[in-house]
Amino acid sequence: MQYALIADLHSSFSDTRAVLQDIRKRAPAATIFSLGDLHECHVGKKRARRYTYESIAHVVTLNSEYLQLLDFETLLGNQEERIFSLVPFGMSRSLDQLRSALRTKQIGDALFLHGDQFEWSYELVPDTTRFKQRLLFFGHSHQRGLFKDGHRMSAHLDIPISVKKGRYAINVGPVLVEREWLLYDTETASILYRQAR
């Protein structure tokens, strides 16, 4: 099976549309799956601690054209977690439906998650030691990355990479600005970094 993995959309209509069009053109049989941060929370972490809800527009932009693009399964990221902590249940049907999404999903020997569940070094290297799965797929840092057995490897675009042996942490790259996505093939145990133009 093939998965087209995306992350860090942050409410960007143009970037999301371009990536979805690219996926449907280059990998039409792939199942599209989001690793979180579909939305951008307008309230920062520090301000969120003392924020009093006034309106959805102050917290998140729910553009109807953007929402229509979101026809795939997703995990929750840190942006959704913050939005849910600020927007009461019942204020938005689309947010209420999203509240039931998971934080992780196991697919064979792979775990899909959002990278806010890791500790990160100053050099943007994730500490994955608390997760025992052989393959970890994630977003969060807005930087494409590949780590094998704890060591950074090259993560070039459009070059198939085998992930058959060893333990890998695979950052799929951001949709926002970079328009990146990753094709994961479970049959061949390979990944392919892609970028929409």
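This is a predicted model: local features need pLDDT of at least 70, side-chain atom pairs count only at pLDDT 80 or more; totals for chains, interfaces and linings use all residues.
## Strand β1 and its two neighbours

Alanine 4 stands opposite isoleucine 32 in β2. Strand β1 covers residues 2-6, and strand β2 covers residues 31-34. The two pair in the parallel sense, over four bridges. Further along, isoleucine 6 has serine 34 in β2 as its bridge partner.

β1 also pairs with strand β13, residues 180-185. Here the strands run antiparallel, again with four bridges. Leucine 5 meets its bridge partner in β13 at leucine 182. How many of the five residues of β1 are buried? Four are, so β1 is largely enclosed by the rest of the structure.

## The open sheet

β1 is part of an open sheet of six strands. The order is β3-β2-β1-β13-β14-β11, and the pairing is mixed. Which strands form the edges? They are β3, residues 73-74, and β11, residues 161-162. Each of these edge strands pairs on one side only.

## Two aspartates with positive phi

Next come two loop residues. Aspartate 8 lies in the loop between β1 and α1, the helix of residues 13-26. Its phi is positive, about 60°, although aspartate 8 is not a glycine. Is aspartate 8 buried or exposed? Its relative accessible area is 0%, so aspartate 8 is buried; the cut-off for buried is under 20%.

Aspartate 37 sits in the loop between β2 and α2. Aspartate 37 is not a glycine, yet it has a positive phi of about 60°. Aspartate 37 counts as buried because its relative accessible area is 2%.

Helix α2 spans residues 45-48, and lysine 45 is found in it. What kind of surface patch do Lys45, Lys46, Arg47, Arg49 and Arg50 form? The patch is positive. Lysine 45 has 62% relative accessibility, so it counts as exposed. The cut-off for exposed is over 50%.

Is isoleucine 56 buried or exposed? It counts as buried, because its relative accessibility is 18%. Isoleucine 56 and glutamine 68 are twelve residues apart in sequence. In space, their C-alpha atoms are 18 Å apart.

Glycine 77 has its place in another loop, between β3 and α4, the helix of residues 78-86. The relative accessible area of glycine 77 is 0%, so this residue is buried. Histidine 58 is 19 residues from glycine 77 along the chain. The C-alpha atoms of glycine 77 and histidine 58 are separated by 19 Å.

Strand β4 covers residues 104-107, and strand β5 covers residues 110-113. They pair in the antiparallel sense over four bridges. One of the pairs joins threonine 104 to its bridge partner in β5, leucine 113.

How many residues lie between β4 and β5 in their hairpin? There are two. Glycine 108 is in the turn, with a positive phi of about 60°.

Terms used
Residues are numbered from 1 along each chain as its sequence is written. Side-chain values use heavy atoms; hydrogens and water are left out. Two strands pair if DSSP finds at least two bridges between them. Patches are made of residues with over 30% relative accessible area and no salt bridge: like charges are joined within 9 Å, nonpolar side chains (Val, Leu, Ile, Met, Phe, Trp, Tyr) within 5 Å. Accessible areas come from the Shrake-Rupley method with a 1.4 Å probe; for residues, only the protein chains shown count as cover. A salt bridge is a side-chain nitrogen of Lys or Arg within 4 Å of a carboxyl oxygen of Asp or Glu. Lys and Arg count as positive and Asp and Glu as negative; His and the chain ends are not counted. The place of a charge is taken as NZ of Lys, CZ of Arg, CG of Asp or CD of Glu. Buried means under 20% relative accessible area, exposed over 50%, partly exposed in between (1.4 Å probe, protein chains only).
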